[in-house]
Amino acid sequence: MTTLLGFDFGTRKIGVAVGQMVTRSATPLITLRNRNEQPDWPQIETLIRDWRPSALIVGLPFNMDDTEVDWSPRVHRFARQLQGRYGLAVHLIDERLTSIEARRQIMERPGHAPPTREAVDALAAALILETWLCEQP
């Protein structure tokens, strides 16, 4: 079974999800807080060691006019750092509206509490990963 990790990169937090190719599904894992404006590399390393993914999927934010957001160079840098540190394939995918969809899904759950940013970020990472999985042949 091919395992993958998905990332919803943010300047303060990074949502993380795990998924696999067989069912083309993903599950939210955790939301990591950045340290001193840097990703929590020790925690990311632990996730990679524990899950042993074959590839990493990173959401790339776009504006509705199909242009990348102004802070997308930070996402590209994060993706390059992941590839450089762990030697895994890193794929970028359009993450437009995933946080909005994640919030909507949480709000529709019976008896839901107001969604936390952490829950939204982790679910957005799962949606990013599932989008990539569904686009694979």
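This is a predicted model: local features need pLDDT of at least 70, side-chain atom pairs count only at pLDDT 80 or more; totals for chains, interfaces and linings use all residues.
Strand S1 (residues 3–9) runs antiparallel to strand S2 (residues 13–20), and seven bridges link the two. Strands here are DSSP E runs of at least two residues and helices are H or I runs of at least four, numbered from the N terminus; two strands pair if DSSP finds at least two bridges between them. Five strands make up an open sheet with mixed pairing, in the order S3-S2-S1-S4-S5. At its edges sit S3 (25–33) and S5 (89–94), each pairing on one side only. Helix H2 (residues 72–86) lies across S1, S2, S4 (55–60) and S5, at about 175 degrees to S4. Contact means heavy atoms within 4.5 Å; axes are lines fitted to C-alpha atoms, for helices over the stretch in contact, with angles from 0 to 180 degrees between N-to-C directions.

Next come the charged pairs. The structure holds six salt bridges, each a side-chain nitrogen of Lys or Arg within 4 Å of a carboxyl oxygen of Asp or Glu. One of them joins Lys 13 to Asp 121, with the closest N and O atoms 3.8 Å apart. Because Lys 13 belongs to strand S2 and Asp 121 to helix H4 (residues 117–134), this pair ties together parts 108 residues apart in sequence. Both Lys 13 and Asp 121 are buried, that is, under 20% relative accessible area, where exposed is over 50% and partly exposed is in between (1.4 Å probe, protein chains only). Asp 121 also meets Arg 117 in a salt bridge, at 2.9 Å between the closest N and O atoms. Arg 117 and Asp 121 are four residues apart in H4, so about one helical turn separates them. Arg 117 is partly exposed at 38%, whereas Asp 121 is down at 5%. Through shared partners, Lys 13, Arg 117 and Asp 121 end up in one salt-bridge network.

Two loop residues have positive phi without being glycine. Glu 37, with phi near 60 degrees, lies between S3 and helix H1 (41–51) and is exposed at 61% relative accessibility. Arg 52 has a phi of about 50 degrees, lies between H1 and S4, and is exposed at 69%.

Notes. Residues are numbered from 1 along each chain as its sequence is written. Side-chain values use heavy atoms; hydrogens and water are left out.
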